[in-house]
Amino acid sequence: MFKKVISVFMLLFICVFFNTFFVNAAQTSVFLQIDNSVMTVNGEEKAVDEGYDTKPVIVDGRTLLPVRAVIENFDGNVNWNNDTKEVILTHNENEIVLTINSTQALLNDKVQTLDTAPIIINNRTMLPIRFIAESFGFNIEWNENNKTIIITENDTSENTSEENTESTAEIADEQITEPEYIKDETPEPENDSNILVAYFSATNNTKGVAEKIASELNADLAEIIPKEPYSEEDLNYGNDNSRTSIEMNDESARPEVSNVIENIDEYDVIFLGYPIWWGQAPKIMSTFVESYDLSEKIIIPFCTSGSSSIGSSAKNLEKLSPANWLDGRRFSGSASSDEITEWLNSIKNDIK
């Protein structure tokens with residue numbers, strides 16, 4: 001009986017010790033949610049981007065958000081170099097330099113490769129939060145079911161070295177206990193989709209439609225990323241010497257694509273999205289369809305445009321890659337989910 005009492009006492013002591021350790025270690029805790037402009041910092045609600053309605057978003061499976069408020073809540077600093085389009089983040093002795101539309105970043109002057117490049121959406125700079133958090137030694141946890149992110153700082157985040165950064169990332173899931181109000185014990189379903197939504201989007205209009213299609217079909221999503229990003233000057237359709245004008249007037253133009261879809265053979269159906277430029281698909285779409293063997297696949301094109309129809313754009317792409325091409329559809333950049341769902345229902349028998 002005495003041994004049992006001692007055992008129970010020791011168990012309670014251990015529980016209290018570890019609970020106290022982790023509570024005291026967590027100096028700052030930030031809770032964010034995809035498509036929510038409000039975050040919670042140590043239990044207090046704050047705007048993610050003060051004065052704006054900016055919300056965290058997911059691009060290529062990576063969470064992007066305006067990180068100034070997050071970093072500053074961890075006593076870090078954020079600076080912007082307009083000439084070089086660089087964002088400089090500092091925390092303790094660590095510095096991260098990111099460049100808009102570039103997957104190359106610097107962590108303490110060492111080159112790092114990002115999965116997703118920083119971008120500008122509605123004049124707000126959107127940065128990859130996981131890379132930043134783990135580089136600074138913060139713990140970060142993602143809840144797929146609730147689309148939530150929890151970032152915490154503990155004592156080990158001071159003076160982060162390369163080894164410290166790696167170990168922090170590895171043990172993050174073990175150290176963070178998910179709050180009860182977002183706890184979900186339902187196991188995450190495996191996505192065995194045979195459908196891919198691949199898209200190119202220079203101004204995010206096509207991106208929005210592509211995301212809605214992928215969400216409706218529970219399909220995989222892949223952005224076609226140009227090796228040389230298109231600037232605002234490149235997209236000046238009124239300038240005969242702009243990059244897009246030159247490309248669209250050159251039948252042989254094939255802008256390079258920076259990313260490769262390694263598992264494209266796994267998909268039976270590919271939705272192919274693009275904006276309409278000069279009544280046609282951008283030349284980077286020609287690069288894409290010529291880069292893969294699509295002969296055994298069903299290809300369903302869709303495009304976005306303010307007024308132009310899909311016209312002959314899909315037929316011209318079809319000439320470049322033999323496959324089972326279905327009729328395409330044109331959407332406005334602000335197409336509603338209901339409009340997209342109606343279209344998908346009309347072709348559901350063709351993509352089974």
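This dialogue walks through a predicted model, feature by feature.

Reader: What should I know before I start?

Author: This is a predicted model, where local features need pLDDT of at least 70, side-chain atom pairs count only at pLDDT 80 or more, and totals for chains, interfaces and linings use all residues. Residues are numbered from 1 along each chain as its sequence is written, and side-chain values use heavy atoms, with hydrogens and water left out.

Reader: How many helices and strands does the protein have?

Author: Helices (H or I, at least four residues) and strands (E, at least two) are DSSP runs, numbered from the N terminus. Here the protein has 9 helices and 20 strands.

Reader: What share of the residues is buried?

Author: Buried means under 20% relative accessible area, exposed means over 50%, and partly exposed lies in between (1.4 Å probe, protein chains only). Of the 352 residues, 43% count as buried.

Reader: What share of the contacts joins residues 24 or more positions apart?

Author: A contact means heavy atoms within 4.5 Å. Take the contacts with a separation of 6 or more: residues 24 or more positions apart account for 64% of them.

Reader: How do I read a nonpolar core?

Author: In soluble globular proteins, nonpolar side chains tend to be buried together. A nonpolar core is a set of buried Ala, Val, Leu, Ile, Met, Phe, Trp, Tyr and Cys residues joined through side-chain atoms within 4.5 Å. The largest one here has 30 residues. Those with the most contacts inside it are L32, V70, L89, L98, I132 and I151. At least two residues each come from several elements, including β1 (28-33), α2 (68-73), β7 (86-91) and β14 (148-153). Helix α3 supplies the largest share of this core, 4 residues. Apart from this core lies another, of 29 residues, with I264, A281, M285 and L317 among them.

Reader: Which residues does L32 contact?

Author: Set aside its neighbours within four places in sequence. L32 then contacts M39, V48, P56, L65, V70, K147, T148, I149 and I151.

Reader: How do I read a salt bridge?

Author: Side chains of opposite charge can pair when their charged atoms come close. The rule used here asks for a side-chain nitrogen of Lys or Arg within 4 Å of a carboxyl oxygen of Asp or Glu. The whole structure holds 12 salt bridges.

Reader: Where do R68 and E72 sit relative to each other?

Author: Both are in helix α2, 4 residues apart, which means about one helical turn separates them. R68 is partly exposed, at 40% relative accessibility. E72 is partly exposed too, at 41%.

Reader: What is the N to O distance between R130 and E134?

Author: It is 2.8 Å, in a salt bridge between the two side chains. They lie 4 residues apart in helix α3, so about one helical turn separates them. R130 is partly exposed, at 35% relative accessibility.

Reader: Which pair links distant parts of the chain?

Author: K283 and E251 meet in a salt bridge, 3.7 Å from N to O. K283 is in helix α7 (residues 283-290), while E251 is in the loop between α6 (243-248) and β17 (269-275), 32 residues apart. K283 is buried at 9% relative accessibility, but E251 is exposed at 64%. Elsewhere, salt bridges with shared partners join E228, D234, R243 and E247 into one network.

Reader: Is helix α7 enclosed or open?

Author: Helix α7 is largely enclosed by the rest of the structure, because 7 of its 8 residues are buried. Those buried residues are K283, I284, M285, S286, T287, F288 and V289. Their cover includes β15 (195-199), α6, β17, α8 (313-318) and β19.

Reader: Which residues does N324 touch?

Author: N324 lies in strand β19 (residues 324-325). Not counting residues up to four places away in sequence, N324 touches K297, I298 and I299. N324 is partly exposed, at 40%.

Reader: How do I read a pocket?

Author: Rolling a probe the size of a water molecule over the atoms shows where empty space is left. On a 1 Å grid over the protein atoms alone, a pocket is an open set of points where a 1.4 Å probe fits, with protein on both sides within 12 Å along at least five of seven lines; lining residues have an atom within 4 Å of a point. The second largest pocket holds about 1100 Å³ of space. Of its 38 lining residues, I100, N101, I119, A202 and Y230 are the closest to its centre. Strand β11 (residues 119-121) gives the largest share of the lining, 3 residues.

How values were computed:
Grid points are joined across faces, edges and corners, and a volume is the space filled by probe spheres set on the points.
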